[in-house]
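Good morning, colleagues. Please turn to the sequence and the structure on the screen.

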Amino acid sequence: MILDKNFFQKDVVTLAKSLLGKVLCRKIDNFILKARIIETEAYSKSEPASHSSLGYSLNRAAMFMEAGTIYMYHSRAGASFNISALGYGDAVLVKSGICFLDNDYNTLAFIQQINKKNGKLRDIHYLASGQTLLCKSLMIERMLWDKKSFNDELYIENIGYIPENILISSRLGIPKGRDNALLPYRYIDKEFLKYAAKGRCKFY
C-alpha cells in the first residue's frame with residue numbers, strides 16, 4: 001500500500017519512528033529501486049541543529065511546507081533526503097535503508113553499478129548505509145525532488161512490516177555547538193543495526 005498525505009500528518013518524532021520499516025521506492029527506466037527504511041532522525045525548528053532554526057529561505061522552504069513535502073540538501077558527500085512533518089519547520093531525515101530485502105537480483109546489480117566505491121561494487125548489504133548513499137542508490141536528486149510531493153515516480157510503500165525493537169540514540173554528525181548532543185532524536189530498527197550509519201552516539 002502506498003502512503004498517502006495523511007500518513008505524514010504526525011509530529012516529527014512520531015513520524016520518524018513510523019517511517020521505520022516502510023519502503024522508499026524510485027521508478028527509473030525499467031527498474032523500481034527500493035530501500036527499506038531502517039534509520040531516521042528527527043529535526044525540530046525549536047532546536048539549533050535543525051536547518052529550519054535558521055529561518056525561512058528558498059533553500060529550506062520545503063521544511064515549512066505541508067507535511068509530506070520532500071526536503072533535500074547537499075553536503076560534501078552528496079544529497080540527503082528528508083520529509084516535512086506536521087510541525088511548522090520540522091522534518092525527518094531518512095538516514096539509512098537496506099536494498100537487499102526488497103529488490104530482485106537484476107535491480108540490485110543495477111544499483112551496484114550506479115553506486116560504486118572507488119570503482120568497485122559495494123556489498124549489497126551496505127548500498128544505502130548512510131543518507132547520501134541512500135540517495136545515490138535510489139537516484140534521488142535534489143534538483144528533481146526538493147520541494148516536491150511524492151508521486152508515481154517516487155513514493156513510499158507500507159509492506160506491513162513493523163520493527164519489533166526501535167533503538168533510540170543521539171544524532172550523528174551535528175557540528176559542535178549546534179546541538180544538545182544528548183537529544184534522543186535518532187531511531188534505528190534494531191534488527192538491522194549493523195547496516196545503519198556509523199558514528200559516535202549515545203544510546204538510551
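Setting aside neighbours within four places in sequence, T40 is in contact with A16, K17, L19, L20, V92, L93, K95, Y185, R186 and Y187. Please bear in mind that this is a predicted model. T40 belongs to strand 2. Is T40 buried or exposed? Its relative accessible area is 0%, and T40 is therefore buried, the limit for that class being under 20%.

With a relative accessible area of 25%, I168 is partly exposed. When residues up to four places away in sequence are not counted, I168 touches K17, P184, R186, Y187, K202, F203 and Y204. Between I168 and E41 there are 9.7 Å in space, C-alpha to C-alpha, although the two are 127 residues apart in sequence.

Finally, the largest pocket. The space in the largest pocket comes to about 400 Å³. Its lining consists of 21 residues, and Y43, H51, Y73, G173 and I174 lie nearest the centre. Two or more lining residues come from each of strand 2 (31–43), strand 3 (70–75) and strand 5 (91–98). Which strand gives the most to this lining? That is strand 3, with 3 residues. Sorted by class, the lining of the largest pocket holds 10 nonpolar, 7 polar and 4 charged residues.

How values were computed: Residues are numbered from 1 along each chain as its sequence is written. This is a predicted model: local features need pLDDT of at least 70, side-chain atom pairs count only at pLDDT 80 or more; totals for chains, interfaces and linings use all residues. Side-chain values use heavy atoms; hydrogens and water are left out. On a 1 Å grid over the protein atoms alone, a cavity is a set of points where a 1.4 Å probe fits but cannot get out, and a pocket is an open set with protein on both sides within 12 Å along at least five of seven lines; lining residues have an atom within 4 Å of a point. Grid points are joined across faces, edges and corners, and a volume is the space filled by probe spheres set on the points. Helices (H or I, at least four residues) and strands (E, at least two) are DSSP runs, numbered from the N terminus. Ala, Val, Leu, Ile, Met, Phe, Trp, Tyr, Cys and Pro count as nonpolar, Asp, Glu, Lys and Arg as charged, and the others, Gly among them, as polar. Buried means under 20% relative accessible area, exposed over 50%, partly exposed in between (1.4 Å probe, protein chains only). Contact means heavy atoms within 4.5 Å.
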